[in-house]
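Dear colleague,

Please find below the structure that I am handing over to you, together with its sequence. A summary of what was found follows.

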Amino acid sequence: MTSKTAPRDYTFIAPLYDHVFQTFLSEGHHDISEVIRSLKNKRDSKILEVGVGSGLTLPHIPSTINYTGIDINQRMLQEAQKKRKLLGRRKVTLEVMDAKKLAYKDNTFDLVVAASVITAVDSPLKVMKEMIRVTKKGGMIAIVANLQESDTLKSRMVRIFDPITRKYLGFRTDLDLNQIQKLRNIKLVDYKRTNNILGFPLSSFLLFEKG
Ligand SMILES: C[S@@+](CC[C@H](N)C(=O)[O-])C[C@H]1O[C@@H](n2cnc3c(N)ncnc32)[C@H](O)[C@@H]1O
């Protein structure tokens with residue numbers, strides 16, 4: 001069972017975020033972008049990115065696609081707005097919003113994505129449920145997250161560092177794949193390890209279909 005924790009406030013890191021994290025997270029952004037690009041020719045597709053942050057996925061989004069990015073942090077969204085303007089993306093909308101309470105109707109989006117967000121929020125399963133709710137039936141949900149795969153010696157060791165990673169790095173290490181797979185109305189269709197640094201994968205990429 002996951003416990004709640006206050007999310008990290010990204011306000012101070014926002015201007016430096018890309019310099020600090022882009023390299024570590026680029027493989028995961030590539031994985032998410034591949035799924036987004038698969039909708040390139042479906043012009044009416046609607047995509048939601050939860051916790052869009054500084055907008056590191058924006059350069060990979062086809063200009064034909066209706067894309068909405070939300071984040072709880074205004075300062076991170078300012079960084080994303082700068083990228084949106086530079087790229088001249090008119091079909092991109094960026095909004096301040098709490099992922100625990102998405103202001104969209106049920107079954108709105110064809111694809112909902114979240115990169116390195118689920119383990120950075122205070123209620124990961126609540127956020128996942130919201131993402132599932134706003135995805136259309138037959139639509140997809142893609143996430144990148146640092147999940148534990150099972151109750152192995154390694155996963156138990158990693159969990160020991162949970163209070164430290166939460167306090168100083170802003171992410172949790174106590175969320176496991178089973179907890180997410182138990183959620184209703186989704187089926188796992190793709191899974192792989194990602195964000196490899198020196199051969200050590202920091203995260204997992206998961207693609208779900210909503211049933
Ligand atoms: C580690 S950053 C990831 C940002 C971006 N997705 C990326 O891959 O670079 C986590 C992001 O989640 C956002 N966040 C945390 N809690 C949130 C919430 N409850 N609702 C929306 N966004 C949230 C933070 O403000 C931050 O921008």
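**Ligand shell**

Sorted by class, the residues around the ligand comprise twelve nonpolar, four polar and three charged ones. The shell has 19 residues, and the closest to the ligand are Gly-51, Gly-53, Asn-73, Ala-99 and Ala-115.

**Confidence**

Please note that this is a predicted model. The protein has a mean pLDDT of 90, with 93% of its residues at 70 or more. Among its elements, β4 has the highest mean pLDDT (98), whereas helix α4 (residues 153-160) has the lowest (70). Where pLDDT is low, the predicted coordinates should not be read in detail.

**Sheet and packing helix**

The protein contains an open sheet of seven strands with mixed pairing, in the order β3-β2-β1-β4-β5-β7-β6. From one strand to the next, the twist averages 15 degrees.

Within this sheet, β4 (residues 109-115) and β5 (residues 135-145) run parallel and are joined by six bridges. In this pair, Phe-109 is opposite Thr-135 of β5. Helix α3 (residues 124-134) packs on the sheet, where the helix touches β1 (46-50), β4, β5, β6 and β7 (200-210). The direction of α3 makes about 145 degrees with that of β5.

With kind regards

Conventions:
Residues are numbered from 1 along each chain as its sequence is written. This is a predicted model: local features need pLDDT of at least 70, side-chain atom pairs count only at pLDDT 80 or more; totals for chains, interfaces and linings use all residues. Two strands pair if DSSP finds at least two bridges between them. Helices (H or I, at least four residues) and strands (E, at least two) are DSSP runs, numbered from the N terminus. Axes are lines fitted to C-alpha atoms, for helices over the stretch in contact, and angles run from 0 to 180 degrees between N-to-C directions. Two residues are in contact if their C-beta atoms, placed from the backbone, lie within 7 Å. A residue is near a molecule or strand if its C-beta atom, placed from the backbone, lies within 6 Å of it. Ala, Val, Leu, Ile, Met, Phe, Trp, Tyr, Cys and Pro count as nonpolar, Asp, Glu, Lys and Arg as charged, and the others, Gly among them, as polar. pLDDT is the predictor's confidence in each residue, from 0 to 100.
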